[in-house]
Amino acid sequence: MVSCDSKQWLDPGSATKAEALRQVLQQHSGDRHLVVLQDFPDPDAMSCAWAYKLIAAQYDIESDIVYAGALSHQENIALVKLTGLPVQRLPLEIAKSKDWSIYQGCVLIDNQGTTSQLFSLLKTAQIPLIVAIDHHTIQDELNAEFLDIRPHIRATATIFTQYLMAELLHLDINVSDHVKCATALMHGLRSDTNQLRQAREDDFMAAAYLSRFYDSQLISSVLQASRSKRVMDVIERSLKNRIVQNNFCIAGVGYLRYDDRDAIPQAADFLVTEENVHTAVVYGIVHDEDEDIELVTGSLRTTKLTLDPDEFIKEAFGKDAQGRFFGGGRSQAGGFEIPMGFLSGSNDSKDFARMKWEVFDLQIKQKLLKLVSPKDDLIHSTN
């Protein structure tokens, strides 16, 4: 075990939060918890869920980590395979008939329930929310026994590393799962801070602490995962279809399979590197074959420090009938998801599919250009 007085690195507020979490876990000793991630979990979410599982195990709490969507980003797949990260997909059609009574509580990690299809099922089943830990802007009122929402923190991995620094779990370099979890946390922290380029003091302190335990060769293997041909095809489509206006790059990529959804943020990551572009928005229609629904899914990436992705996306696309925003964001990144409702599916006719895409493509561009070029004429169809 590496010995260091890590508590001296913690600010009083973080130490207080860690102690509050400790007390809640003690009260739930012997429970079984369901750790719920967003439908398309990223390294930050998965690594933190693993850290929670290891911390909770010390209090005789068994934890199952689940998500409803898919892992399609090559680095996410590599992270799970190379570390043995204990996460499992729970498709919605199976979840609807699942016996939730085996769980005494649920836990939200790196989300607040708005990006998970599973959370509404758990609320209906009256499974109590025990813990919610996230670094995104507050999205909904959560009635949790322990709540730690810190939008000023760049990564949820930073929050969990602070729990480790407060000795909720004594990491041991001789324990394989500890090393692999520390490696996953380091990857999650780096991923959500743009390889530490957007990191703040708390993030750097967390990275310094994790550097004592993580496996640098393992994280290199994760980062070297190759892009799939499908991802490259989507990037090619985004290049061909992009329009650039006022340093904004906007690109629609057409229809995608549900499992290829992660190609959209990767295309946005690529487009924002273009000269004279500070913000890229990429979107497409994603077909969920299991539920037979379609969603307009998009990602935003920006290098402009004065642009708030959360405000931009919420202003562009607004709310649904229940008053929930269609999207949001954090520092220099954001995303949105808009259900297509009645127009979902029925793409057997190529002409119909083409017309439907053209309508949604034009509508998304219109909404974005109202903010990008409010004084200019809106885009018009060429037909």
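The model is a predicted one, in which local features need pLDDT of at least 70 and side-chain atom pairs count only at pLDDT 80 or more, while totals for chains, interfaces and linings use all residues. Residues are numbered from 1 along each chain as its sequence is written, and side-chain values use heavy atoms, with hydrogens and water left out.

I start with the whole chain. Its secondary structure comes to 13 helices and twelve strands; helices (H or I, at least four residues) and strands (E, at least two) are DSSP runs, numbered from the N terminus. The radius of gyration is 21 Å, close to the 21 Å that the globule rule gives for 383 residues, so the chain is as compact as a globular protein of that length. That radius is taken over C-alpha atoms, and the globule rule is 2.2 Å times the number of residues to the power 0.38. Along the principal axes, the C-alpha atoms fill a box of roughly 70 × 45 × 35 Å.

How much of the chain is buried? Buried residues make up 54% of the 383, where buried means under 20% relative accessible area, exposed over 50%, and partly exposed in between (1.4 Å probe, protein chains only). As for contacts (heavy atoms within 4.5 Å), among those between residues at least 6 apart in sequence, 69% join residues at least 24 apart.

Next, the inside. Nonpolar side chains tend to be buried together in soluble globular proteins. A nonpolar core here is a set of buried Ala, Val, Leu, Ile, Met, Phe, Trp, Tyr and Cys residues joined through side-chain atoms within 4.5 Å. The largest one has 59 residues, and Leu-37, Phe-160 and Tyr-163 touch the most other members. Which helix gives the most to this core? It is α2, with ten residues. Apart from this core lies another, of 21 residues, among them Tyr-283 and Leu-307.

Helix α2 is mostly covered, with 13 of its 15 residues buried. It runs over residues 43-57, and at 1.5 Å a residue it should span 21 Å, which agrees with the 21 Å between its end C-alpha atoms. The expected span is 1.5 Å times one less than the number of residues. Tyr-163, leaving aside its neighbours within four places in sequence, has contacts including Ala-18, Ile-55 and Phe-146.

Last, the charges. Side chains of opposite charge can pair when their charged atoms come close. There are 15 salt bridges in the whole structure, each a side-chain nitrogen of Lys or Arg within 4 Å of a carboxyl oxygen of Asp or Glu.

One of them joins Asp-64 and Arg-32, with the closest N and O atoms 2.8 Å apart. Asp-64 is in strand β2 (residues 62-67) and Arg-32 in strand β1 (residues 32-36), so the pair ties together parts 32 residues apart in sequence. Asp-64 counts as buried at 10% relative accessibility, and Arg-32 as partly exposed at 25%. Together with Glu-62, Asp-64 and Arg-32 are linked in a network of salt bridges.

Another bridge joins Asp-361 and Lys-365, at 2.6 Å from N to O. Why are they separated by about one helical turn? Because they are four residues apart in helix α13 (residues 350-372). Asp-361 and Lys-365 are both buried.
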